[in-house]
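Reader: Here is a model I would like to go through with you. Please give the criterion behind each label.

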Amino acid sequence: MNAPPPTPTWRPVCTRQDLVAQSGVVVLVDGEQIALFYLPGADGPDLYAIENRDPKSGANVIGRGLIGHLGGELVVASPLYKQHFRLADGSCVQYPEQRLRTWQARLNGDAVEIA
């Protein structure tokens, strides 16, 4: 018999007022920059949390990337080298060896939380 998956531990990182619709903002959590993308009314989740550090350049710029659809999936384009990362899982469309860490994200009242 398989054990149930562990219950995520949610922690507040900012407020809903800190978010910008259809764009990214960056929060600092335990010394790591996390880009939050708020997409109200989108197909799927309204909120995505993804690593802000571009693996190709090493620069913390993903939160400034453009959001779009590529192959039917929501992606963010890195502002520097324009590679596309899937918001759902952080995988890179063009370079499978590149991946960004992702977190679960949610709105809990006015609190933005990640797990």
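Author: What follows takes the labels one by one, each with its cut-off. This is a predicted model, in which local features need pLDDT of at least 70, side-chain atom pairs count only at pLDDT 80 or more, and totals for chains, interfaces and linings use all residues. Residues are numbered from 1 along each chain as its sequence is written, and side-chain values use heavy atoms, with hydrogens and water left out.

Reader: What makes the contact of aspartate 30 and arginine 11 a salt bridge?

Author: The term asks for a side-chain nitrogen of Lys or Arg within 4 Å of a carboxyl oxygen of Asp or Glu. Here the N to O distance is 2.7 Å, so the pair qualifies. Aspartate 30 sits in the loop between β2 (23-29) and β3 (32-38), and arginine 11 in strand β1 (residues 11-15), so the bridge ties together parts 19 residues apart in sequence. Strands are DSSP runs of E, at least two residues long; helices are runs of H or I, at least four; both are numbered from the N terminus.

Reader: Why is aspartate 30 called exposed?

Author: Exposed means over 50% relative accessible area, buried under 20%, and partly exposed in between (1.4 Å probe, protein chains only). Aspartate 30 has 67%, so it counts as exposed.

Reader: Why is glutamate 113 called buried?

Author: Its relative accessible area is 9%, so glutamate 113 falls in the buried class. Its side chain meets that of arginine 106 in a salt bridge of 2.7 Å, N to O. Arginine 106 is partly exposed at 32%. The whole structure has five salt bridges.

Reader: How many helices and strands does the protein chain have?

Author: Zero helices and 10 strands.

Reader: What makes the protein chain as compact as a globular protein of that length?

Author: The radius of gyration, taken over C-alpha atoms, is set against the globule rule, 2.2 Å times the number of residues to the power 0.38. The protein chain has 14 Å, close to the 13 Å that the rule gives for 115 residues, so the description holds.
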